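Please keep the structure open beside you as you read.

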Amino acid sequence: MKFLAQDQLQAFLGHLAGGSRVVVPVKGEDGVVLFRPWSPGTEVELDVLLAKQSAKDYVFRQSETYLRYGYAMAGEAAAQVDDSHEATVVSDDPATRKAAQDAAVTAHATLVAEPVNDAPDQVIFGLRPCDVRGFVQMDNVFGGYGGFYFDPYYNAKREATTLVAVTCRDPRSTCFCTTVGGSPDGTEGADALVTQVEGGFTVESFSEKGEKVLGFTGLVDASTDQTLKAETVKEQAVDRVDVAFELEGVQENLRANIDDPGWHDLAMRCISCGTCTYVCPNCYCFNITDEMVEGQGERLRTWDNCFNPTYTLETSGHNPRDMKSNRFRNRFSHKFWYYPEKYDSLLCSGCGRCITHCPTRIDIREVLSVMGAPRPEATTATGEEA
Amino acid sequence: MAAEQTQAKTRLTFADVQAGAPIAVAGKSAGNPYLPQIATVIDIVEETPNIKSFRVRFDDDAVMEAFSFEPGQVGQLGLFGVGESTFAINSSTSEKRYVQFSVMAAGEVTSALHELNVGDKVGVRAPMGCGFPVDAWKGKNILYIMGGIGSAALRATINYTLEHREDFGDITILYGARTPLDLTYKYDIEDWQVRKDIDAVITVDREFPGWEGRVGFVPAVLEEIAPNPSNTIAITCGPPIMIKFVLQSLQKMQFTDDQTYTTLEKRMKCGIGICGRCNIGPRYVCVDGPVFSMAELRELPDEL
Amino acid sequence: MAQATHTKQAAGTTTTDAGDSVKVVGIVCNWCSYAGADGAGTARMKQEYELRLLRVPCTGRIDPLFALKAFEKGADGVLISGCHPGDCHYSEGNYYARRKFELLDRMLPHLGIEPDRFKYTWVSASEAARWQKVVNEFVGKVKALGPREGRAL
Amino acid sequence: MSDRQAKIRELARAALAEDRVDYFIGWKQAYNPSEMIPAFVRSADEVDQLVWNPLAHHNLTAFLKRKMPDPPNARIGICVKGCDSRTLVALLQEELVDKERIYVVGVPCDGIVNRRRIEKEFADEVVDISFAGDTVTAVTRSGESKEFAKGDLLFDHCRTCRYPNPFYADDMAADPIVEPDDRTPMWGPIEEFEALSPAEKDAKIAEAFETCIRCFACIHACPVCWCWDQCVNRCRQPALVGQRVDTKENLMFQMVHMFHVAGRCPSCGACDRACPVEIPLYLLHRKMNKELYDMLGFEPGVSLEEKPIFQTFDVNDPFGEH
């Protein structure tokens, strides 16, 4: 175990910034803490436990152009193209048809489409172990787990990213990482872990990337006292996290309770916005759209979420999840039933952001205590509904 | 019909992928699954007043040559600058010159596709999803029940069973549309009616000037022709309301859940099981479907 | 695009888009201001050519967001013009519109867009000379402010 | 204060017991006493969860919007504060809510405490906020405690509030409190912003909207943003707002909200409080209301008979060229 003195922190980040971008939690003028690129002198905010948003955005961008394309016509061909957009009349005569096809093909020949995949090396410093587990859990869906597709965009950024987590010294009452298999000092997926002790930080590494982090010359071997103190910080932190619900059986109970009227009750105060999913370190659903200006276009993917009323809306007007309660059920079932069934991993690391950022404080712990447990025989919750 | 997931239960890295790890369901090759292959529209067939079939050919001959799919699989047909939408591949599996999609003009992408001319460029990502288990159906009678543009989702399968006619027992096709004008693939219908080895029943919802065929809704006609469920597979596709009543009728006629198949539509974006919107409970229509047996559907929440 | 070309031809110039120092979007109603602009063009009245016209059936159809969208997409100025109050082809569309434009006009400076970059006015079909004056004055002011770059909106 | 709470419970109990409503919406304590959330009470035995205190910031009329009630045709009992009632009045003016389906309990309000102001005073989590007279006591998880004067913690719109009593209610939870004689609106902190140069404003706006994550919390929490679930912000035809998340598009996104609620929005601040990244949306809406007031002397949602100003006109409107 190494030790980093508090007054060496800026130098340490400067060292990391030598080879890559460094991202740290920063408190803005308005007191809001967000992950922001670090530059010399930027104060790192570690006292506020959780940044408003997880660091997800730096690996799985909220909006990301993945394809650029452009239409261009060669001079001569362009001159012959009729711009009138008249519907093609397909001739019955094969020869005429062939000639028309050949002419059209030549005229429209130049479409250029280039994939874009920008993945700079980066170190994310100061994220919490639950945020790190968020990446680990998302890795399965993007990483071709179980023979599914491998996502080159996510993985390029993921592989270029070093995660330096910080032990949670003061977990909040809304933290429930231990309930879902994590810990305030968890190291799963972390390349390195720093723990705040008197006068600085102890630093441990768990991977090759983590070893590189330890390459900073300002690090010294941690004293026995410092090591012990770090252990105490960790133990105390673990004690501060409550077990929020019984995880065992949640998947089966969610399946059994799929039609339970309790979903309606729990969803009543939901306003069906996307806050919980956008601050979540695990939620990964996205939308794909094209944006085009004057013949040059981009195809981009942007975060989307299952609370969006138009998320599943079909062109015909049919919406499989038209009711707020259906969308509500989908999010929790996805995290604790659908995802585990496909990827053998939960899709929740217990950071509690969805609870504290929800405009109406919908509590995932309550939802799972109620719907993830056996339900009494169907009672009529919604009166006329039942 | 969910694919058997035989691949390792582990997350892959770029190194694994470069080393040739099998990375996709249904035998698709490595590469960037988001990138469409550029293709050229080589022919457009106006099927009905609002449905056109687009025959497209990949610009890269090697891609065209290597292209193969299972009947029932789908693809994303996209227009650069507008977006992509999912359509059933409805050319025959034996067709090597082009890939065909039928498009009803309705939304943003489909309306833009209808503006296309022969020679225009499109992007195609195909095949996707799982097809019908046609091999497992060998020796059985096949009953197709289709409504409207639902025929597009079953055309490749019908053609497959007709091309391999000797592998199957009786083949019955029940096809209905609102009016005779809305019947797709009229050239197919003519062929079916000439052939002696299949039984084709074509119906329209209500009387129409010049229409001398059968009149009646698909589920009602189905009960009239009363197919024998013994050793028979029933496959249905059409508007949701039709599917609902057809499934009820089939149940009434003693078709079991294992004998009944349908193919579903959902709003899709990525088409590769990631973006998360086409799920029905734990199943994604894009990778686990679009083909589902009734037995599989019963396991899922009522979010069709 | 057709409308934009039309304006340039009317102004009797051959300058290309790339040569424009600023981009100004004009949203005009079909019945009065578009006809007025047409009149100015037919009469070969010399006008600033940086204006691109969009024609709508009535100013009542114009959502203030159209103007914001234009700014967002890089317009340096937005001019809205319709029938004079009382002369609306649909009787009262411009009365409703006037309230919306006034609010927009008052909000824009709050969003970091200088007051001279937006104007709403009324030009009738017979007021070709007035059209010329409105365009020249407005575009002149926008030119004086120069292009908007790196702005929030 | 507790009198109002008792009266709310009493009125809710009666409405539920007499089956006049299917459910009753009030406020209750969340997972700890420092947070208040909307409460949906379905039976008379459950009314004791209803709470009234200066943390009850939610504008519950948002739950009357299209597609919010469950079941869709529910008869709903609802509590409104003065500002909440203005949004309700705005909805009633346009007949967007059926008067026959709602039972409104008016709650005179002495001002709501901005919890975020307290939160910012500590690094640790605030787990308890209690009130004694004008003193507010906040306690953190590790036991640290601080006292504040309530007046310092109020929301800006509460400090400048001219309408603490509901404009529309079937029953009142207390007698109306004394209202100021002078109803001239006070506009609060927007004046600072107004004094900035265009370039400075631009920089401020850019800074504020850069962090927007387009989660739609502002739009969904807004009681008068009626087409919330079919918002043009989600629409591709027309593509008024692009999908790309950047400052320009984010600002455009907010402009869609702001201009579409103009004339209905009394700047109750629900959007601001719902924003997870704390963008000061309230200031934007406040400014809009100030301009509407200067234009036409109009204040939204203060009279059932009045028409929203963008649905009517006066040939003599005192602005623009004639």
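Setting aside neighbours within four places in sequence, D:Arg115 is in contact (heavy atoms within 4.5 Å) with D:Ser34, D:Glu35, D:Leu55, D:Val126 and D:Ile129. This is a predicted model, in which local features need pLDDT of at least 70 and side-chain atom pairs count only at pLDDT 80 or more, while totals for chains, interfaces and linings use all residues. Residues are numbered from 1 along each chain as its sequence is written, chains are lettered from A and ligands numbered from 1 in the order in which they are written, and side-chain values use heavy atoms, with hydrogens and water left out.

D:Arg115 lies in helix H3 (residues 115-119) of chain D; helices (H or I, at least four residues) and strands (E, at least two) are DSSP runs, numbered from the N terminus. D:Arg115 is buried, with a relative accessible area of 11%. The terms here are buried for under 20% relative accessible area, exposed for over 50%, and partly exposed in between, using a 1.4 Å probe and protein chains only.

What does the side chain of D:Arg115 reach at 2.8 Å? The backbone oxygen of D:Ser34 is found at that distance. A polar atom of the D:Arg115 side chain also lies 3.2 Å from the backbone oxygen of D:Val126. Elsewhere in the chain, D:Arg273 is 158 residues away from D:Arg115 in sequence, yet their C-alpha atoms are 9.5 Å apart in space.

D:Val126 leads us on to the strands of chain D. D:Val126 stands opposite D:Thr140 in E6(D). Strand E5 (residues 126-132) and strand E6 (residues 135-140) of chain D run antiparallel and are joined by six bridges; strands pair if DSSP finds at least two bridges between them. E6(D) also pairs in the antiparallel sense with strand E7 (residues 145-149) of chain D, over five bridges. In that pairing, D:Val139 has D:Ser145 as its bridge partner.

| Hairpin | Residues between the strands | Turn residue with positive phi |
|---|---|---|
| E5(D) and E6(D) | two residues | D:Gly133, about 60 degrees |
| E6(D) and E7(D) | four residues | D:Gly143, about 100 degrees |

Is A:Thr174 buried or exposed? A:Thr174 is buried, with a relative accessible area of 0%. Not counting residues up to four places away in sequence, A:Thr174 touches A:Cys351, A:Gly352, A:Ile355, A:Thr356, A:Arg365, D:Tyr31 and D:Glu125.

A:Ser39 is partly exposed, with a relative accessible area of 38%. A:Ser39 and A:Leu193 are 154 residues apart in sequence and 21 Å apart in space, C-alpha to C-alpha.

B:Arg11, B:Tyr34 and B:Phe80 supply 12% of the area that chain B buries against chain A, more than any other three residues.

Five salt bridges (a side-chain nitrogen of Lys or Arg within 4 Å of a carboxyl oxygen of Asp or Glu) are counted between chain B and chain A. One of these joins the side chains of B:Glu84 and A:Arg299 at 3.2 Å, N to O.

Chain C, by contrast, does not touch chain A, and their nearest C-alpha atoms are 10 Å apart. Chains B and C do not touch either, with nearest C-alpha atoms 17 Å apart. Chain C has five helices and four strands, and along the sequence they follow the pattern α-β-α-β-α-β-α-β-α. Of the 153 residues in chain C, 55% are buried.

Technical notes. Buried area is the accessible area (1.4 Å probe) that two parts lose on being put together, summed over both. A polar contact is a pair of N or O atoms within 3.5 Å; within protein, one must be able to donate a hydrogen and the other to accept it, and residues adjacent in sequence count only if both atoms are side-chain atoms.
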